[in-house]
Amino acid sequence: MEPNLSVDFFGKIAASPLVLASGVMGISYSGMLKVVENGCGIITTKSYTVQRRKGHEGPVVAEFNGGFINSMGLSNPGIYEGMKEIADCKKRCDAPIIISLFGVTAAEFTELVRAVDSSIIDAIELNLSCPNVADEYGIPIAASTEKVFEIVSAVKSITKLPVIAKLSPNTYNVPEIALSAEKAGADALTLINTLGPGMIIDINAQKPVILNKFGGISGAAIKPLAVKLIYEISKLVKIPIIGTGGVLTGEDAVEFLLAGAAYVGVGTAVYYNGIDVFAKINAFFSSYLRQNNLASVRDIKPI
Amino acid sequence: MITWKPFTVKDIIRETPSTSTLVLSGKMEMQPGQFIMLTDFATGEKPFAFSFVSENECGLTIKAVGKFTSAITRVPVGSTVYLRGPYGNCFTLPGKDKKLILVGGGCGTAPMRLWLRHLLQHGYSNITFINGARSADELLYASEFRSYPIELITSTDDGSEGYAGFTPDILREVLTNSAFDILYTAGPELMMKKVHEVIGSTPLESWFLLERYMKCGIGICGQCTLDPAGIRLCIEGPVISGEVLNSIDEFGTYTRDAYGGRKVFAGIGCT
Ligand SMILES: Cc1cc2nc3c(=O)[nH]c(=O)nc-3n(C[C@H](O)[C@H](O)[C@H](O)COP(=O)(O)OP(=O)(O)OC[C@H]3O[C@@H](n4cnc5c(N)ncnc54)[C@H](O)[C@@H]3O)c2cc1C
Ligand SMILES: Cc1cc2nc3c(=O)[nH]c(=O)nc-3n(C[C@H](O)[C@H](O)[C@H](O)COP(=O)(O)O)c2cc1C
Ligand code: FES
């Protein structure tokens, strides 16, 4: 029998537990469709703000042995343009869509949530953590249990959609933040956003390669941190976790499920292993399930 | 691995009032049609196609249209710029007996020139080239092209040199008088859209060099996708076949700006 990769996502069926991470390919409707065609089960859009943002001047991406850094600067056309793009995607495919929202205050988040058309969106992800804009707004909100509680509660009180809190790894108290989000009513967590930010200097130019100097670290380098936080936090909370951070291969994805993730986010791997990385990971899921005589990905139980 | 290679600016040739060629010393392994990301690690980073490559030099022909292109075409000779790439797909050499027609408009003539030189180096002899620009002083490489063993047709929108008119109209005329096997074109998108219409249902094979707003150049940000197919121009492009373009409904209609929102093509510009 063909192993079953499909999973439930808040009452909808997703063809695979793989989730496109926010900020990768999620700008145009055709980019989102392309990812679904390549085997991704659930889409997360680029993080939207109320006003459109141009983002930073390049170079905005760079690489080092073992990882990747980016400083896109949250470029996005604004939530209203974004909703049109999502509608165009939804018309053409039935994969669940998570809309990612970026704000700094509870008021900003609730304004964004009011602009969300809940008839075409399957869940809301609150980006509580982007390190690239921490400088502009002071301490990242992701480090404050009170702020996270306040924002999640405010959002929960005005929407019926499932609310996912996406947390930053850049604070010592991620487990407490996770508990605080759960207490405020979050329906799921995404762990983790990019690490850092970090810095790479070009030795020929003797300048930082990222024009904005610093960039969030993603890719292989952050994987052990993601695994540890998923493992630790999945034992503390009852809500499901979208485990994200450094998943490049099928082996990595299985490792995340074993750590306690219910879904597996994939971002930077699109660069390392191509747009068909989702299909490659799905193929590995199938062979892993067959090898272990399991019928469904849901039979891969957390250790 | 993403790495930037340093190149010394050996010379800057003012080709036209708005367009300059940065002559870079150093070798770049690349194929015609591919592009690179160019930066000074100070102003920004933008995509460009090569206009020539040789054993120890390469050239980028850049039209000053904004902040980065104005700054980079004014750097002092001797300064260093940084390139990553090459990225994207490329033109492929056709059968030797094929009759080829090249159409370059505005700064699209830069990558067409590289392709033309490549074809001539590989012994192709059956080449017609339509080189168009707004006016005589915006025509690129006019005298160089005259020295090549090709059928050269020069046109300007205002008639200040060569035929008066738009390149797609000239193409239509040329196609009614003689038959070709393959067409290659680069230039303003509205020009290419008309070229695509002129080809219409003829059996002419065609290849278009497109531009979209590129941020990462490596297929991750999703900024450069073509609707509705989701083709990432930085990976699966920038060379797209006329056949594929039949199903690209944004072609000649809209593009995406720095924000990722849709922007309708307003008039014939560089993009
Ligand atoms: C594959 C490819 C090859 C290109 N080759 C050449 C070339 O050989 N010669 C040449 O003169 N130009 C080329 N361009 C266009 C060139 O990249 C833009 O003119 C340049 O980025 C403008 O930057 P700016 O800061 O001067 O202008 P801005 O003021 O930022 O913008 C002016 C216009 O340039 C375009 N543009 C701006 N940023 C980008 C970007 N990151 N990617 C794509 N377009 C952008 C937009 O249409 C914009 O409206 C190429 C573009 C692509 C995608
Ligand atoms: C180019 C790029 C852009 C990103 N943009 C966003 C974003 O807009 N919102 C967000 O919540 N996370 C963003 N991220 C973070 C990813 O969603 C993900 O949490 C992180 O990269 C770790 O996963 P990965 O190693 O699989 O990429 C971005 C990451 C990259 C590489
Ligand atoms: S420029 Fe980022 S995907 Fe093409």
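This report walks through the salt bridges, a surface patch and the ligand site of a predicted model.

## Salt bridges in chain A

Let us start with the charged pairs. Across all chains, a search of the whole structure turns up 27 salt bridges. One of them joins the side chains of A:Asp252 and A:Lys223, with an N to O distance of 2.7 Å. Because A:Asp252 belongs to helix H8 (residues 250-259) and A:Lys223 to helix H7 (residues 223-236) of chain A, this pair ties together parts that are 29 residues apart in sequence.

Are these two partners buried or exposed? A:Asp252 counts as buried, at 9% relative accessibility. A:Lys223 counts as buried too, at 17% relative accessibility.

## Salt bridges in chain B

Moving to chain B, we meet a salt bridge between B:Lys10 and B:Glu57, whose closest N and O atoms are 2.4 Å apart. Here the link runs between strands: B:Lys10 sits in strand E1 (residues 5-14) of chain B and B:Glu57 in strand E5 (residues 57-63) of chain B, so parts that are 47 residues apart in sequence are tied together. The two ends fall into separate accessibility classes, as B:Lys10 is partly exposed at 45% relative accessibility, whereas B:Glu57 is buried at 19%. The cut-off matters for B:Glu57, which counts as buried because that class covers values under 20%.

A further salt bridge in this chain pairs B:Arg113 with B:Glu144, and their closest N and O atoms are 2.6 Å apart. This pair links distant parts of the chain, with B:Arg113 in helix H2 (residues 109-121) and B:Glu144 in helix H3 (residues 142-146) of chain B, 31 residues apart. Both partners are buried: B:Arg113 has a relative accessibility of 7%, and B:Glu144 has a relative accessible area of 18%.

## A network with members from both chains

## A nonpolar patch on chain A

Now for the surface. Where does chain A show a nonpolar patch? A:Met199, A:Ile201 and A:Phe214 form one, and together they have about 270 Å² of accessible area. A:Phe214 is placed in strand E14 (residues 214-218) of chain A. With a relative accessible area of 34%, A:Phe214 is partly exposed.

Finally, the ligand site is worth a careful look. There are 19 residues around ligand 1, and those that come nearest are B:Pro47, B:Thr61, B:Lys63, B:Thr69 and B:Met214.

Which polar atoms of the protein lie beside nitrogen and oxygen atoms of ligand 1? A polar side-chain atom of B:Lys46 is 2.8 Å from a nitrogen atom of the ligand, and a polar backbone atom of B:Met214 is also 2.8 Å from a nitrogen atom of ligand 1. B:Phe68 brings a backbone N or O atom to 2.9 Å from an oxygen atom of ligand 1. Taken alone, ligand 1 exposes 860 Å², and the protein buries 85% of that. The elements giving two or more residues to the shell are strand E4 (45-53), E5 and helix H1 (67-72) of chain B.

Definitions and conventions
Residues numbered from 1 in each chain as written. Chains lettered and ligands numbered in written order. Predicted model: local features only at pLDDT ≥ 70, side-chain atom pairs only at ≥ 80, totals over all residues. Heavy atoms only, no water. Patch = residues over 30% accessible without salt bridge, like charges linked within 9 Å, V, L, I, M, F, W, Y side chains within 5 Å. Areas by Shrake-Rupley, 256 points an atom, 1.4 Å probe, with all protein chains shown as cover. Salt bridge = Lys/Arg side-chain N within 4 Å of Asp/Glu carboxyl O. Helix = DSSP H or I, 4+ residues; strand = E, 2+ residues; numbered from the N terminus. Buried < 20%, exposed > 50% of the residue type's maximum accessible area, 1.4 Å probe, protein only. Near = heavy atom within 4 Å. Polar contact = N/O pair within 3.5 Å; in protein donor to acceptor, adjacent residues only side chain to side chain.
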